[in-house]
Amino acid sequence: MSIEKAKAYLAARGYADRLVVHDVECDTVAHAAAVIGCEEKQIAKTMTFLSEEGAVAIVTAGDARIKNGKYKAYFGTKAKMVPFEDVTRVIGHEPGGVCPFGLADGVRVFLDISLRRFDTVHAAGGGRSATVRLSPDELEAVLPEAPWVDLCDGWCDDEAAE
């Protein structure tokens, strides 16, 4: 089960206690925010794409949208999402539970800067009813090989707006 993979990944890094399995599904940004009691933008959603080098998982804020132009400039190719029916096989987690923890071998993870404006974000935890609460710094510590990227639009950096 994917939740166990995510928990084992987090446990190896000292963060297993951050994974919570809820009594209800939190398989979308809106569902997760309602279950947790936070704003949708604080949900760290993981979007999965196919690239020439293999699958990539990009973790963004819940209100951010990956911009095709930024994606193409960074990866050198047009953004092509992993087909729904292939997500579990390619990524290692089922749709609705895709997270950056305990992924299939070879999946590269990237953290979008849209997450940095929050003290705490909530990522999926490998299953439709599991979430993981971390600060952006903790997310970076748990995913030390995941670079920070700027691939999104649709969000506003609160500090920059002031």
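**Reading the model**

Modeller: Let us begin with accessibility: Tyr74 has a relative accessibility of 44%, so Tyr74 counts as partly exposed. Here buried means under 20% relative accessible area, exposed means over 50%, and partly exposed lies in between (1.4 Å probe, protein chains only). This is a predicted model, in which local features need pLDDT of at least 70, side-chain atom pairs count only at pLDDT 80 or more, and totals for chains, interfaces and linings use all residues. Residues are numbered from 1 along each chain as its sequence is written, and side-chain values use heavy atoms, with hydrogens and water left out.

Colleague: With which residue does Tyr74 form an aromatic pair that is edge-to-face?

Modeller: Rings of Phe, Tyr and Trp (its six-membered ring) pair if their centres lie within 6.5 Å; planes under 30 degrees apart count as stacked, over 60 as edge-to-face and the rest as tilted. By this rule the model has six aromatic pairs. One of them joins Tyr9 and Phe101, a tilted pair with 6.2 Å centre to centre and 35° between the planes. Tyr9 belongs to helix 1 and Phe101 to the loop between helix 4 (87–91) and strand 5, so that pair links parts of the chain 92 residues apart. Both Tyr9 and Phe101 are buried. As for Tyr74, its edge-to-face partner is Phe75, at 4.9 Å centre to centre with 75° between the planes. Phe75 is buried, having a relative accessible area of 12%. Ring pairs also link Phe49, Tyr71, Tyr74, Phe75 and Phe110 into a cluster.

Colleague: Which charged end sits over the ring of Tyr9?

Modeller: A charge sits over a ring if NZ of Lys or CZ of Arg is within 6 Å of the ring centre and within 35 degrees of the ring normal. For Tyr9 the charged end is that of Arg13, 3.5 Å from the ring centre. Arg116 is placed likewise over the ring of Trp148, at 4.3 Å from its centre.

Colleague: In what order do the strands of the open sheet lie?

Modeller: Helices (H or I, at least four residues) and strands (E, at least two) are DSSP runs, numbered from the N terminus, and two strands pair if DSSP finds at least two bridges between them. The open sheet has seven strands in the order 1-7-6-2-3-5-8, with mixed pairing. Strand 1 and strand 8 (148–149) are the edge strands, each pairing on one side only. Strand 3 (residues 54–61) and strand 5 (residues 108–112) run parallel, joined by four bridges. Strand 7 is antiparallel to strand 1 (residues 19–21), with three bridges, and also to strand 6 (residues 121–124), with four bridges. Val132 in strand 7 stands opposite Leu19 and is the bridge partner of Ala123.

Colleague: Why is strand 7 described as largely enclosed by the rest of the structure?

Modeller: Four of its five residues are buried, so strand 7 is largely enclosed. Thr131 lies in this strand (residues 130–134) and, at 5% relative accessibility, counts as buried.

Colleague: With which side chain does the side chain of Thr131 make a polar contact?

Modeller: A polar contact is a pair of N or O atoms within 3.5 Å; within protein, one must be able to donate a hydrogen and the other to accept it, and residues adjacent in sequence count only if both atoms are side-chain atoms. The partner of Thr131 is the side chain of His22, at 2.7 Å.
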